[in-house]
Amino acid sequence: MTRERIYLFDTTLRDGAQTQGVDFSVTDKRLIAEALDGLGIDYIEGGWPGANPTDTAFFGEPPALRTARLTAFGMTKRAGRSVQNDPGLAAVLDAKTPAVCLVGKTWDYQVDVALGVPREDNLRAIYDSIAEVARRGAEPLFDAEHFFDGWKANRDYALSCLVEALEAGARWIVLCDTNGGTVPGEVFEIVSEVAKTIPGDRLGIHAHNDTENAVANSLAAIEAGVRQVQGTLNGLGERCGNANLCSLIPNLMLKDRYAKRFETGIGEDALARLTSVSRLLDEILNRHPNRHLPYVGGSAFAHKGGLHVSAVLKAPETYEHVKPESVGNRRIIPVSDQSGRSNIVSRLRDAGIEVRADDDRIGRLLEIVKEREFQGYAYDAAEASFELLARRTLGQLPAFFCVDGFRVLVERRFNAVGELVTVSEAVVKVRVDDEVLMSVGEGNGPVNALDQALRKDLGRYSQFIEDLTLEDYKVRILTSGTEAVTRVLIESRDAKGRRWGTVGVSPNIVDASFQALSDAIVYKLLREGAPASGAAVAPKGGSASWAGGC
Ligand SMILES: CC(=O)SCCNC(=O)CCNC(=O)[C@H](O)C(C)(C)COP(=O)(O)OP(=O)(O)OC[C@H]1O[C@@H](n2cnc3c(N)ncnc32)[C@H](O)[C@@H]1OP(=O)(O)O
Ligand SMILES: CC(=O)C(=O)O
């Protein structure tokens with residue numbers, strides 16, 4: 001059976017740039033456009049030429065795209081101006097992109113209130129503007145703003161706006177749920193009605209996520225006939241975002257209901273790069289990847305419950321709706337107080353620790369994990385600390401360095417120019433082989449000072465941790481009985497792009513931080529294959545190098 005083509009339109013660089021807190025540079029835009037092109041996206045909306053210097057510069061020197069059509073965004077001509085005499089429209093058209101998408105009003109209320117022009121004038125503006133795009137040789141697209149609200153308020157007027165765009169030569173008429181308030185059943189009904197006037201292979205959908213339905217609305221629109229779908233990477237976009245292409249694409253390609261009827265421009269190889277493209281966007285935006293994103297999130301294939309893990313190890317499809325590797329993701333089996341022996345065995349194997357499934361020490365390790373989670377440790381977010389704990393329990397943790405003690409001082413005083421300052425200073429005494437090393441660190445707070453001091457001189461181990469960076473530091477106060485206990489979670493990273501989490505728990509925040517910091521270093525040494533120290537021995541209990549004297 002021949003499959004119908006669904007065209008994918010990415011607006012990460014335009015609607016995504018309207019996300020609060022997102023501010024792309026020209027270089028960012030180029031990188032993202034190239035990644036989208038590499039995936040096989042059909043249209044890449046690069047921004048609004050003339051609206052700001054970044055977008056103007058981006059279109060001034062556009063990236064060389066392999067197959068995607070670079071699209072410039074703008075609005076229909078301004079009231080009181082002709083298409084030839086509208087500097088805003090001219091800037092969009094002068095970008096000379098293969099495709100141009102113009103947004104126009106289709107809700108009568110918006111025409112009356114936001115534009116304040118007679119409704120007839122708006123119809124003429126749509127026609128003239130789209131016709132001008134066609135006349136200039138670009139592929140015209142019409143974003144029908146507020147279409148669903150417009151339909152509900154005055155369907156004849158909303159439809160007449162679409163007809164104007166179609167007659168003016170629009171290749172695509174994109175139905176926008178601008179305020180994001182429409183739900184899937186309504187989208188299906190309305191699009192089905194519209195498709196009686198405008199053929200589905202000329203219709204697109206642009207859904208916002210204000211009711212958490214942007215992906216569902218896009219799929220409903222496809223079921224009702226549209227053949228172009230707009231969205232963004234990771235669901236960026238105005239307010240609550242747009243339809244997330246990182247969910248839409250796998251839904252279209254991996255779910256039989258769609259995959260049997262439709263094809264996209266994305267191949268299986270490219271689909272297997274989706275997770276890395278999603279992470280690239282986070283990297284560029286300097287954001288932490290959202291673990292809970294479907295398909296591409298770090299937890300999308302994380303199996304925590306013991307019952308799940310026991311079955312997944314027998315057959316992954318018992319608890320996985322698609323194969324993680326189909327979207328370039330991976331299965332994770334974290335260890336926590338929800339675990340059974342299966343979690344432990346699986347995690348140990350992942351860490352390259354060979355142990356028989358019926359080894360008594362597995363049960364002992366499981367007990368320790370549950371006991372420590374009761375005290376406040378959280379190993380599902382600190383896989384590196386779990387590995388260290390496991391290796392120690394199994395007698396497989398090399399001793400690298402030993403912390404004999406530390407002292408932290410926080411002092412508030414007047415500095416040399418009479419300003420009141422708070423200074424933190426830490427002194428750490430470590431032993432490597434038989435050598436005692438004492439380092440002083442200064443920082444903007446006690447934990448920072450401690451971190452500086454600990455890393456400053458680890459003797460022959462210093463070379464292994466030069467590229468170690470602290471990425472995230474989270475503190476949570478837990479109430480256990482009448483005493484407050486602090487849990488510190490640290491995420492670390494190195495130049496090879498490895499990330500790992502460590503945890504520390506103590507009634508004292510500095511203590512808890514120190515455990516997590518020293519675990520982060522020990523884990524790095526382990527991964528680097530650093531040789532064990534001659535004299536120091538790993539202490540019993542607590543972290544690898546923590547817990548006072550050795
Ligand atoms: C639904 C969407 O997401 S559409 C995309 C929205 N994205 C953006 O707005 C980001 C980029 N925007 C900008 O940089 C600026 O808004 C600009 C450069 C486009 C315009 O800036 P300004 O000229 O200062 O106008 P401002 O943004 O305050 O107001 C928009 C004007 O366009 C008019 N307008 C809005 N939509 C349309 C339209 N489809 N067709 C014609 N005119 C329109 C408004 O009535 C208003 O006119 P007024 O100034 O006479 O009241
Ligand atoms: C065009 C657009 O972004 C919208 O209507 O939501």
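By class, the residues in the shell around ligand 1 number 6 nonpolar, 5 polar and 4 charged. The model described here is predicted. The shell of ligand 1 holds 15 residues, and the closest are Ala51, Met75, Thr76, Val103 and Gly104. Two elements, β5 (99–105) and α4 (108–115), each provide at least two residues of this shell. With 3 residues, β5 gives the most to it.

## The chain as a whole

The chain has 550 residues, of which 47% count as buried. Its secondary structure comprises 19 helices and 16 strands. The C-alpha trace spans about 85 × 70 × 45 Å along its principal axes. Among contacts in the chain with a separation of 6 or more, 69% are between residues 24 or more positions apart.

## The barrel

In the barrel, 8 strands close up in the order β2-β3-β4-β5-β6-β7-β8-β9, with parallel pairing. From one strand to the next, the twist averages 25 degrees. Phenylalanine 73 stands opposite cysteine 101 in β5.

## The nonpolar cores

The largest nonpolar core contains 96 residues, and those with the most contacts inside it are Val100, Phe142, Ile173, Leu175 and Ile249. Helix α9 (residues 214–224) contributes the largest share of this core, 7 residues. Apart from this core lies another one of 53 residues, which include Phe400, Val428, Val503 and Ala520.

Isoleucine 173 shows what surrounds one member of the 96-residue core. Neighbours within four places in sequence aside, isoleucine 173 is in contact with Phe142, Ala144, Leu162, Ala165, Leu166, Ile198, Arg202, Leu203 and Gly204.

## The open sheet

A second sheet is open and has 3 strands in the order β11-β12-β13, paired in the antiparallel sense. Its edge strands are β11 and β13 (435–443), each of which pairs on one side only. On average, and with direction ignored, neighbouring strands of this sheet are turned by 15 degrees against each other. Helix α18 (residues 446–456) packs on the sheet and touches β11, β12 and β13. The direction of α18 makes about 145 degrees with that of β13.

| Strand pair | Sense | Bridges | A pair of bridge partners |
|---|---|---|---|
| β11 (residues 402–414) and β12 (residues 420–432) | antiparallel | 12 bridges | leucine 409 and glutamate 425 |
| β12 and β13 | antiparallel | 9 bridges | serine 424 and glycine 443 |

The hairpin of β11 and β12 has 5 residues between its strands, and there glycine 418 takes a positive phi near 85 degrees.

Leucine 409 has its place in strand β11. Is leucine 409 buried or exposed? Leucine 409 is exposed, because 12 other C-beta atoms lie within 10 Å and a residue with 12 or fewer counts as exposed. Between leucine 409 and alanine 449 the separation is 40 residues in sequence and 9.1 Å in space, C-alpha to C-alpha.

## Two loop residues with positive phi

Glutamate 212 is not a glycine, yet its phi is positive, at about 60 degrees. Glutamate 212 is placed in the loop between β8 (203–207) and α9. Glutamate 212 counts as exposed because it has 10 C-beta neighbours inside 10 Å.

Asparagine 286 is likewise not a glycine and has a positive phi, of about 55 degrees. Where does asparagine 286 lie? Asparagine 286 is found in the loop between α13 (274–285) and α14 (306–314). With 6 C-beta neighbours inside 10 Å, asparagine 286 counts as exposed.

Technical notes. Residues are numbered from 1 along each chain as its sequence is written. Chains are lettered from A and ligands numbered from 1 in the order in which they are written. This is a predicted model: local features need pLDDT of at least 70, side-chain atom pairs count only at pLDDT 80 or more; totals for chains, interfaces and linings use all residues. A residue is near a molecule or strand if its C-beta atom, placed from the backbone, lies within 6 Å of it. Helices (H or I, at least four residues) and strands (E, at least two) are DSSP runs, numbered from the N terminus. Ala, Val, Leu, Ile, Met, Phe, Trp, Tyr, Cys and Pro count as nonpolar, Asp, Glu, Lys and Arg as charged, and the others, Gly among them, as polar. A residue is buried if 20 or more other C-beta atoms lie within 10 Å of its own, exposed if 12 or fewer, and partly exposed in between; C-beta atoms are placed from the backbone. Two residues are in contact if their C-beta atoms, placed from the backbone, lie within 7 Å. Two strands pair if DSSP finds at least two bridges between them. A nonpolar core is a set of buried Ala, Val, Leu, Ile, Met, Phe, Trp, Tyr and Cys residues joined through C-beta atoms within 7 Å. Axes are lines fitted to C-alpha atoms, for helices over the stretch in contact, and angles run from 0 to 180 degrees between N-to-C directions.
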